[in-house]
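My entries follow in the order in which I looked things up.

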Amino acid sequence: VSALAGCRSVTPWRGPNEQPPRSVGTSWSPSAKTWRFPHGDLRNTASSPHGVQTAPSVAWQDSFDGGRSTTPTGAIVAATPERVITARRFGSEVQLHAEDATDGTRRWNRWIVYPPDGRTPTFGGLVDGTVYVTDGGTDVVAVDASDGTVRWRRSLYDRVADSVPDKYLSVAGSPAEFAARALATPEIVYVQSSYGVHGIAPRDGTEQWRLYLGAHHDADALEEPRGLAVADRRIWAVYGGTVQSLFTIELSDGQPEIERVPSPLQSPSRPVVPGYRDAVFTHDIVWASKPQGTLAVGTTDERAEWEFPGHTGSGGVAYSSLATDGERVFVCVSHEQQDRLLVSALHASTGKLDWLFREPLADRDASPSDSGEFRLCRPAVTGNCLVVGYGTLPETAVGRGEIVAISRTDGRVCWRTTLPLAPRSVSMTSDRLFVTGRQGGVVALTGDLV
């Protein structure tokens, strides 16, 4: 009856052994000097108040290959003024390693095995000296950031499977489809899965509570967990597949309330939160042979407020993730037909285009027509600039690329620099700009800081 009446309380839909948390979300935020999460912070804004004013120079470079014969892929996990932690995936293993932020000296390495048929491992942040990793399937792993020691490893699937039918855990009923994704805070580690959202204790990985989200859509099971965002008293959880939804969980009068907004994107990215009540997402893809009709979507608690159209022509298209400065959201795309990089600055609340940056690629020996080589770098807001980039990645080399800093207010070029690798992501601390390559490797850049 409550559901038919439109009541928002989670109580009528509580799943087996579900214990609603006493608090939802967090008022904690990481230090502005650091880049504690792969996308910057708990809201995935990919933003830092610090920036580089002029074209930076290379402070140090690491091209360590890990000693494995298979082709790796690289990502920044977290960065601080003291240490940068990156990850490289080789087959069914992930290598976490830490380097000194000042000179690149290697501090430690740690190999983490994950299921061969599982998804790509995800990284949940560096909080209170611990790096949190999921294995792409069922397990959450806590790693000591000082020396790489594994503090604990827990499987959430085993706990939930005792009382919940397989159809509520995954379409295939297998741990690989559980697809846990973590986002850590000092008080609780939030984990998204095909069941819903879990809260686990940072000290030992014990499950404290869980919220089943399956009753808030028309399908039998949740599919394709895509990511979380967390703010004070609120959680956002995005799902793809047949669900294609953004769930908002908010604490009200001591009880969590859940709203579901259907997504027009089959493979939505993790939510980016410019303000307190709105979220924006794009495609969770990096290259496609068929252009997408919608480039970005902005939502409130109850509906999709706007959709920004994408390129509808033919040919290969490369996409980036989102970044925001709180007022605008930024997304990059490259079309084979136009052979150029486009950066769109959209008003977060309305989706209206503020400015458009165009970068010709024809004379730069880079083309989005090559699905095996061309990729866009994740954009990041650094001070008054938006840092974007692109690169090519031949099978037998680390590649090459370029990053460009653009004024986030009007789209003019502030500086640009070439790179000896194909950039995957950038991270800004108070004194360094770190760029990781798609085959691993790190370049630390320094310059006139603002």
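I asked which strand gives the most to the lining of the largest cavity. S11 does, with 3 residues. I take strands (E, at least two residues) and helices (H or I, at least four) as DSSP runs, numbered from the N terminus. S11 covers 181-184. S7, S11 and S15 each supply at least two residues of this lining.

This is a predicted model, where local features need pLDDT of at least 70, side-chain atom pairs count only at pLDDT 80 or more, and totals for chains, interfaces and linings use all residues. Residues are numbered from 1 along each chain as its sequence is written, and side-chain values use heavy atoms, with hydrogens and water left out.

**Cavities**

I worked on a 1 Å grid over the protein atoms alone: a cavity is a set of points where a 1.4 Å probe fits but cannot get out, a pocket is an open set with protein on both sides within 12 Å along at least five of seven lines, and lining residues have an atom within 4 Å of a point. Grid points are joined across faces, edges and corners, and a volume is the space filled by probe spheres set on the points.

I found 3 cavities of 30 Å³ or more.

Trp-35, His-39, Leu-322 and Arg-378 are among the residues that line it. S23 and strand S32 (423-428) are the elements that give two or more residues to that lining. The lining divides into 7 nonpolar, 3 polar and 1 charged.

**Largest pocket**

I then turned to the largest pocket, with about 1200 Å³ of space. Of its 47 lining residues, Thr-120, Asp-284, Val-286, Arg-378 and Arg-424 are the closest to the centre. Strands that each supply at least two lining residues include S3, S4, S7 (122-127), S15 (225-231) and S23 (317-324). I counted 19 nonpolar, 15 polar and 13 charged residues in the lining.

**Sheet**

In what order do the strands of the open sheet of 4 run? The order is S3-S4-S5-S6, with antiparallel pairing. Strands pair if DSSP finds at least two bridges between them. S3 (73-79) and S6 (106-113) are the edge strands, and each pairs on one side only. The twist averages 20° from one strand to the next; axes are lines fitted to C-alpha atoms, and angles run from 0 to 180 degrees between N-to-C directions.

I checked S4 (residues 83-90) against S5 (residues 93-100): 8 bridges join them. Arg-89 stands opposite Val-94 in S5.

**Positive phi**

Asn-44 has phi near 60°, a positive value in a residue other than glycine. Asn-44 lies in the segment before strand S1 (47-48). Is Asn-44 buried or exposed? Asn-44 is buried, at a relative accessible area of 1% (buried is under 20%, exposed over 50%, partly exposed in between, with a 1.4 Å probe and protein chains only).

Ala-179 also has a positive phi, near 50°. I located Ala-179 in the loop between helix H1 (156-161) and S11. Ala-179 is buried, with a relative accessible area of 4%.

How values were computed
Ala, Val, Leu, Ile, Met, Phe, Trp, Tyr, Cys and Pro count as nonpolar, Asp, Glu, Lys and Arg as charged, and the others, Gly among them, as polar.
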